[in-house]
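Here is a short report on a two-chain model. Look at the sequence and the structure before reading on.

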Amino acid sequence: MPPAPAIESLFIDELTAATRDVFKKMVFQEVEGSSPIAGEARRPKANVVGQVAFAGKTSGVVAFYSTMDAAQIITASMLGIEMKNINGELPDAIGELTNMIAGSFRTRVAHAKGEMWAISVPTVTIGSDFYTRYVSDVQRVLCPFRMKNKAELFVELIVTRSAGQ
Amino acid sequence: MRFLIVDDSSTMRRIIINTLNKLGHQDVAEAGNGKEGLDRLNAGPVDLIITDWNMPEMSGIDFIRTVRSMPEIKDTPVLMVTTNAAKDDIVEALKAGVNSYVVKPFTPDTMKEKIEAVLAR
């Protein structure tokens, strides 16, 4: 089977725009992006990972990575509560955040390319010293962002292959 | 006024409740999917339903179709809040009986305006 095709820049641009928009509207803060990193040159250090799969003409996964501290800041801001009052809401908040990033990305690609994708329900993994591997042949691009407090976040696009390839 | 929020995300329910509270509305029932939403409606009518689309057990679209088929509650206004924003999605939602549509992500002002507009009908 030939290797999966390189991820096109439109996908990266739309994923970056979707992430900025979700943070601005739902987390109430701007995030500063930096250059995307293709492949597996850098693996984000994260305790919290949200994932949403998509399938259609193009298939793959949108993954969100953050530290536990950053995830707590995000959760508190989304819910309008203080960090000290977070009590079990973090997984659902990060799942919803990832769902909105993936959903907004899906809509943007639909408008730009006419591709319609189905997306999965979000899954959230919380822990330490784990690494996400994909068994099939994939292309990956990691988009780094920084929050106001300089905490680093990552949104990764993992593309398997397009139909017919 | 009494509201029903149907969403499998407790985070999204909380965000919408925060907006309703800021508008002065405190009487809000919650459900995690369309099936639970119908159970809440069987307990008593509401003035506005705010529902997600993609949910387990019963989707928002199936939930709205069912509501529209029930004579005693068929005219209840429905606001859909979802990431499904393609033109075909919006057409499908309107055909199912949605009165208005909010695309996630949204600002608090957008949600406030949509709620007020649906209630003003």
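In which order do the five strands of the open sheet in chain B stand? The order is 2-1-3-4-5, and the pairing is parallel. This is a predicted model.

**The sheet of chain B**

Strand 2 (28-31) and strand 5 (100-103) of chain B are the edge strands. Each has a single partner strand, so one side of each lacks a neighbour in the sheet. On average, neighbouring strands of this sheet are turned by 20° against each other, direction ignored.

Strands of a sheet pair through backbone hydrogen bonds, either parallel or antiparallel.

| Strand pair (chain B) | Bridges | Facing residues |
|---|---|---|
| Strand 1 and strand 2 | four bridges | Leu4(B) and Ala29(B) |
| Strand 1 and strand 3 | four bridges | Leu4(B) and Ile49(B) |
| Strand 3 and strand 4 | three bridges | Ile50(B) and Leu79(B) |

Strand 1 of chain B covers residues 3-6. Its residue Leu4(B) stands opposite Ala29(B) in strand 2, and opposite Ile49(B) in strand 3.

Is strand 3 of chain B covered or open on its two faces? Both faces are covered. Leu48(B) and Ile50(B) lie on one side, Ile49(B) and Thr51(B) on the other, and all four are buried. In a regular strand the side chains alternate between the two faces of the sheet.

**Helices across the sheet**

Helix 2 (residues 34-42) of chain B lies across strand 1, strand 2 and strand 3 (48-51). Helix 2 of chain B runs at about 165° to strand 1. Helix 5 (residues 108-119) of chain B lies across strand 3, strand 4 (78-82) and strand 5. The angle of helix 5 of chain B to strand 5 is about 175°.

**Helix 1 of chain B**

Helix 1 of chain B has 13 residues. From first C-alpha to last, helix 1 reaches 18 Å, close to the 18 Å expected at 1.5 Å a residue. Buried residues in helix 1 of chain B include Arg13(B), Arg14(B), Ile15(B), Ile16(B) and Leu20(B). Asn21(B) also belongs to helix 1 of chain B. Is Asn21(B) buried or exposed? Asn21(B) is exposed, because 12 other C-beta atoms lie within 10 Å. The C-alpha atoms of Asn21(B) and Glu36(B) are separated by 22 Å, with the two residues 15 apart along the chain. After helix 1 of chain B comes Gly24(B), with a positive phi near 90°.

**Contact with chain A**

How many residues of chain B are in contact with chain A? There are 14, and they meet 19 residues of chain A. The chain B side divides into six nonpolar, six polar and two charged residues.

Helix 1 (residues 10-22) of chain B takes part. It packs with helix 3 (residues 90-113) of chain A at an angle of about 85°, with axes 7 Å apart. The two helices, helix 3 of chain A and helix 1 of chain B, are therefore roughly perpendicular. Thr11(B) and Met12(B) are among the buried residues of helix 1 of chain B.

Notes:
Residues are numbered from 1 along each chain as its sequence is written. Chains are lettered from A and ligands numbered from 1 in the order in which they are written. This is a predicted model: local features need pLDDT of at least 70, side-chain atom pairs count only at pLDDT 80 or more; totals for chains, interfaces and linings use all residues. Two strands pair if DSSP finds at least two bridges between them. Axes are lines fitted to C-alpha atoms, for helices over the stretch in contact, and angles run from 0 to 180 degrees between N-to-C directions. Two residues are in contact if their C-beta atoms, placed from the backbone, lie within 7 Å. Ala, Val, Leu, Ile, Met, Phe, Trp, Tyr, Cys and Pro count as nonpolar, Asp, Glu, Lys and Arg as charged, and the others, Gly among them, as polar. Angles under 35 degrees count as roughly parallel, over 145 as roughly antiparallel, 65 to 115 as roughly perpendicular and the rest as oblique. The expected span of a helix is 1.5 Å times one less than its number of residues. A residue is buried if 20 or more other C-beta atoms lie within 10 Å of its own, exposed if 12 or fewer, and partly exposed in between; C-beta atoms are placed from the backbone.
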